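Here's a quick tour of a protein model, made for anyone new to reading structures. Have a look at the picture first, then work through the notes below.

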Amino acid sequence: MSAAWDKRPRGGAAAPAMLEEPQGLLGWFFGTRAKYLVGALCIALCAIMLLPLLASVLASLKSTQEAAAVPPTYFPHGLSFDSYRRLWHYQAGLPTYLGNSAGAALLTILFCLGLTVPAGYALARFPVPGKEFFFIVLLLGLIVPYQALLTPLFFMFVQLKLHNSLVGLAIVHTAIQLPFSVYIMRNAFEAVPRELEEAAVIDGCNSWQVLVRIFLPAIVPAIITVSLFAFITSWNELLAALVILNKDSSFTLPLILAAARQQTSIGGTDWGMLQAGITISIIPCMAFYLLLQKYYVSGLLSGAVK
Amino acid sequence: MHSTNGKFVGLLYLSPALAFVMAFTVYPFGQMVWMSLHNWSLIAEKKYVGAGNFVKAWYDPQFWTSLSFTLKYTALITPILMLLGFLIALLTAVNTPLRRITRAVVFAPVVVGLGASSLLWYWLFSYDFGLVNRSLIDLGIVAKPVLWFGADAGLATSAVIVSIVWKVIGFGTILFVAAIQAIPGEINEATLVDGASYWQRVRRITLPLTAKTILLVTLISVIGSLLAFDQFYIMTAGQPRNLTATSVFLIYLNSFPYLKLGYGSALSLILAAIILVCTVFQMILTRRSHG
């Protein structure tokens, strides 16, 4: 748990006193009580936040009959992978949907990096005339929400035959992530010491070689941050997928789950299978969050407080 | 590299991103303005109608239903998110192992997809199969299961609000924690010497010194709520009687299933204008905190 906030200067070091202030016997009594109260609140909070996730995972492991039981059981009576088996074969099959989601996410990462690494380099290191203006143009996506742009984008993609394609979807997801990514990249390039690059220039490297040999190794954290956010956005995004993809076999995971909730609700929703789908769609996000928490939190802080 | 040559090389590195924004943000925006002035569908011939689509929105009761519902939803959820987020931040801002873990846990649902979390809560709130009804009955709070997604739009909206608070509360908390931790230690020490009580210190020190962050998070979450879609699409499907169809939902319905692209564009422009006001506020705010 080494989040960015933990590494802040000990400016907040006096903060512990805020909740723990033993002064005299009475103060000691209330101080200890406050400590236990805080502990109890923290544990209660963790329970509230984790229970829904736990309930979903447990429900996905119930047998077919138990998943449809009224009233529902809290804990599965026996472990069963029936729900996962049904999900595996649902419509075009889970592998297709997982593949589509992963494909769109991968393309989004590639597009984001391919566009914003050079852009960050240019913004931080080149005397481009009107640089500030171009920077603002690149941030336009912050001003116009993509939800409002989907109607013309849909029309454009129909003409370009990009609807029903993962490339089209990845383009929209890239447009969503571009402002954040440009911002992170520009800052990362600006933070690289000039001496490194000057030494390389003296050695006769051209700007491309300087980018590849000097900058790329130095901005790895920014590359991870941009990729992580691009992945999570793309993997979870529903509305653009709903608009752009209308052929069952091109659906992403959130889309087929939303569709399954509607399609199966006529003959009784297959709750077990839905919970299996939710569990599977959550796993990669949680895994990346736990592995890369540091990048996630620092990206979020710098992205929100621009 | 920092010569006249550098200008062109720099522009060259910048051009792919610029071209992308031109093609997929600026051009579609212009196209949208153009489309909003037409009767535009994929099948039929387009027809110029001037401000017709905007007049149509003005007289469309569903437009007003959606707009007022979206505003009401935003007005309901924002104070909950801010207050709860701030209280959790106060509780967990200090770096002890338990509080760090609590912060990480509270933040975890933020990375879960909105679609997945909405489906999860749709199940938890379901009439027969949901654990919410089961727990409420077991705890003796209600005698019969509650029909959360039925004829009562208020019940449906509260269920959605519970799910969204669970999903996004960690976002505000994380920013508040960062702001609280940035308060210099001396200030807290000084007030401790003064013998101020805990809540007095929160009011006099913590709140004023984190006011900018609070305002910023408020704006971000207002914008997010005004653009709400996934949670209503999955949990209420706009029902009952389209009372919970948000503004984005209405755009979606008009543009895609109905293919009324002209009208959908007009609705999108109106929404974009509303969001623009919020974003400008946000930018003024962040510019100030920057300089």
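Let's start with a pair of helices: helix 6 of chain A and helix 7 of chain A are roughly antiparallel to each other, because an angle over 145 degrees counts as roughly antiparallel and theirs is about 150 degrees. Keep in mind that this is a predicted model.

**Helix 6 and helix 7 of chain A**
- Helix 6 covers residues 146-160 and helix 7 covers residues 166-190, and their axes are 12 Å apart.
- If you're wondering about handedness, the crossing of these two helices is right-handed.
- On the helix 6 side, the contact is made by A:Tyr146, A:Leu153 and A:Phe157, while helix 7 brings A:Gly168, A:Val172, A:Ala175 and A:Ile176.
- Sorted by class, that contact has six nonpolar residues, one polar residue and no charged ones.

**Helix 10 and helix 13 of chain A**
- Here the axes of helix 10 (residues 220-236) and helix 13 (residues 271-291) come within 11 Å and cross at roughly 160 degrees.
- That angle makes helix 10 of chain A roughly antiparallel to helix 13 of chain A.
- Is the crossing left-handed or right-handed? Helix 10 of chain A passes helix 13 of chain A in a left-handed crossing.
- Helix 10 reaches its partner through A:Leu228, A:Phe231, A:Ile232 and A:Trp235, and helix 13 answers with A:Pro284, A:Cys285 and A:Phe288.
- By class, this contact has seven nonpolar residues, with no polar and no charged ones.

**Chain A as a whole**
- Chain A has 14 helices and zero strands.
- Of the 306 residues in chain A, 46% are buried.
- Take the contacts in chain A between residues at least 6 apart in sequence: 73% of them join residues at least 24 apart.

**The two domains of chain A**
- Chain A splits into domain 1 (19-85) and domain 2 (86-304).
- The centres of these two domains, taken over C-alpha atoms, are 33 Å apart.
- Where they meet, domain 1 puts in 12 residues and domain 2 puts in 11 residues.
- On the domain 1 side, helix 1 (24-60), helix 2 (64-67) and helix 3 (82-88) of chain A each supply at least two residues.

**Where chain B meets chain A**
- How many residues are in contact between the chains? It's 93 residues of chain B with 90 residues of chain A.
- Helix 1 (residues 4-36) of chain B gives the largest share of the chain B side, 20 residues.
- By class, the chain B side has 64 nonpolar, 21 polar and eight charged residues.

**Backbone details to look up**
- A:Val70 and A:Pro71 are joined by a cis peptide bond, with omega about -10 degrees, and A:Pro71 sits in the loop between helix 2 and helix 3 of chain A.
- Another cis peptide bond links B:Gln239 and B:Pro240, with omega about -5 degrees.
- You'll find B:Pro240 in the loop between helix 11 (230-235) and helix 12 (247-255) of chain B.
- B:Ala237 lies in the loop between helix 11 and helix 12 of chain B, and its phi is near 50 degrees, a positive value in a residue other than glycine.
- B:Ala237 counts as partly exposed because it has 19 C-beta neighbours inside 10 Å.
- B:Asn242 is in the loop between helix 11 and helix 12 of chain B, and has a positive phi of about 55 degrees although it isn't a glycine.
- With 18 C-beta neighbours inside 10 Å, B:Asn242 counts as partly exposed.

Notes:
Residues numbered from 1 in each chain as written. Chains lettered and ligands numbered in written order. Predicted model: local features only at pLDDT ≥ 70, side-chain atom pairs only at ≥ 80, totals over all residues. Contact = placed C-beta atoms within 7 Å. Helix = DSSP H or I, 4+ residues; strand = E, 2+ residues; numbered from the N terminus. Nonpolar A, V, L, I, M, F, W, Y, C, P; charged D, E, K, R; others polar. Domains from an automatic or database assignment. Buried ≥ 20, exposed ≤ 12 C-beta atoms within 10 Å, placed from the backbone. Axes fitted to C-alpha atoms, helices over the stretch in contact; angles between N-to-C directions. Parallel < 35°, antiparallel > 145°, perpendicular 65-115°, else oblique. Left-handed = near helix turned anticlockwise from the far one by under 90°.
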